[in-house]
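Have a look at the model first, then read on.

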Amino acid sequence: MIYYGKQDINDEDVQAVVDVLKSDFLTQGPTIERFERRVADYCGAKYAVAVTNATSALHIACRAAGLTHGDMLWTSPITFTASANCGRYCGADVDFVDIDDATYNMSVDALEKKLQVARAAGGSGRLPKVVVPVHLAGQSCDMVRIHALAEEYGFTVLEDASHATGADYLDTKVGSCRYSDMAVFSFHPVKIVTTGEGGMVLTNRADLYEKLKLYRSHGITRDPALMTHAADGPWYYQQVDLGYNYRMTDIQAALGYSQMDRLDAFVARRRHLVARYNELLKNLPLRTPHVMDGATPSWHIYIVRLDLTKVKKPKAQIFTEMRERGITLNLHYIPVHTQPYYEALGHRPEDCPVAMQYYKEAFTLPLYVDLTEEQQDDIVAALHEMLR
């Protein structure tokens, strides 16, 4: 079976985990800080906070931004539900900004128009406190324009870079936070670097960094500067806010640290396979990915779109027939605003028409580091058989 994605683990990764298992610390030890520092340095960010997964990373990032009841969070409808759910965890309302038809990322034109309409309607509560642009497939959004709108309208920019570890944008790495307040990575097994499960928040702001660390670990501190009175003794700590147990283990961090040795090689391999796909698929009734000027994706996934004027076979049938050939396709994603939970909150499919058309046409082909060119040829041959 050729799966749509999977991890790549080598002997060095295994040994790194074994070394931690034989050490004094399985959690809350030095390996976590080493991993955080390595990712921050790679991206060019000042601070990094490792957590249990990208969902918890998004949650504490929203908390650090002060998102709460009565506030608004805006994000893309073409994403995993966590990009929106993080706002709901904080008691905020969530709204969606339609996607760009070329990149499938949040449309900055649609964002600007939506901001103008919200401002004209009056009542600052309808303007977003947090905007979460999602770097779908590992391609950066147009962060320069989003940053400019944040300056004008006063919202926090939280990049959902779960797909984009190793990606480049203009003269920076995604995760540098040059054009945002915070950025979140995912280290799920199918992502570019894995810790089994895991996530990380990066930022250049010391105030956000301190809040992120606090919310990661129960809201508990041993820092005398944050306590309400002097410590009772060397054992003393205080819970000064409501936090969570979102701590990554040293076991996970060891795997992630080891994987960082191969991050650039992982990305190079993915870019090579994407270039091959683009060439091999060019005569099929499919739209291959478009790359925005200034973006160099890391290609977590490879999304194509059916030309429905030429392909009459239902998409579900294509999925079934490909699986019968031992090839697993996927779909990234079902528009979040059509999920029953969000429909019950008043969201309608027609609110994001570009996303809905994308949903009719899009699917994800297998892409991972040890996908062979022979397997890729088999995937393309199967598509030729079904679509021509």
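**Notes on rings and cores**

1. Let's start with Y358. This is a predicted model, and in it Y358 comes out at 0% relative accessibility, so the residue counts as buried, the cut-off being under 20%. Y104 is buried as well, with a relative accessible area of 4%.

2. How are the rings of Y104 and Y358 arranged? Their centres are 4.9 Å apart and the planes make an angle of 55°, so the pair is tilted. Y358 belongs to helix 12 (residues 353–361), while Y104 is in the loop between strand 3 (93–96) and helix 5, so the pair ties together parts that are 254 residues apart in sequence.

3. Is Y47 buried or partly exposed? With a relative accessible area of 23%, Y47 is partly exposed.

4. F96, Y341 and Y342 make up one aromatic cluster. Two charges also sit over rings: the charged end of R34 is over Y257, 4.1 Å from the ring centre, and that of K315 is over Y359, at 5.3 Å from the centre.

5. Nonpolar side chains tend to be buried together in soluble globular proteins. The largest nonpolar core in this model has 75 residues, and L281 and L365 have the most contacts inside it. Helix 3 (residues 54–64) supplies the largest share of this core, seven residues. Apart from it there is another core, of 49 residues, including M72, V97, V193 and A253.

6. What does L281 touch, leaving aside neighbours within four places in sequence? Its contacts are L286, T288, Y302, V304, L365, V380 and L383.

7. Last one: L115, in helix 5 (residues 108–121). L115 is buried, with a relative accessible area of 0%. Not counting residues up to four places away, L115 touches W74, L127, P128, L149, Y153 and F155. L127 is 12 residues from L115 in sequence, and their C-alpha atoms are 6.6 Å apart.

Terms used:
Residues are numbered from 1 along each chain as its sequence is written. This is a predicted model: local features need pLDDT of at least 70, side-chain atom pairs count only at pLDDT 80 or more; totals for chains, interfaces and linings use all residues. Side-chain values use heavy atoms; hydrogens and water are left out. Helices (H or I, at least four residues) and strands (E, at least two) are DSSP runs, numbered from the N terminus. Buried means under 20% relative accessible area, exposed over 50%, partly exposed in between (1.4 Å probe, protein chains only). Contact means heavy atoms within 4.5 Å. A nonpolar core is a set of buried Ala, Val, Leu, Ile, Met, Phe, Trp, Tyr and Cys residues joined through side-chain atoms within 4.5 Å. Rings of Phe, Tyr and Trp (its six-membered ring) pair if their centres lie within 6.5 Å; planes under 30 degrees apart count as stacked, over 60 as edge-to-face and the rest as tilted. A charge sits over a ring if NZ of Lys or CZ of Arg is within 6 Å of the ring centre and within 35 degrees of the ring normal.
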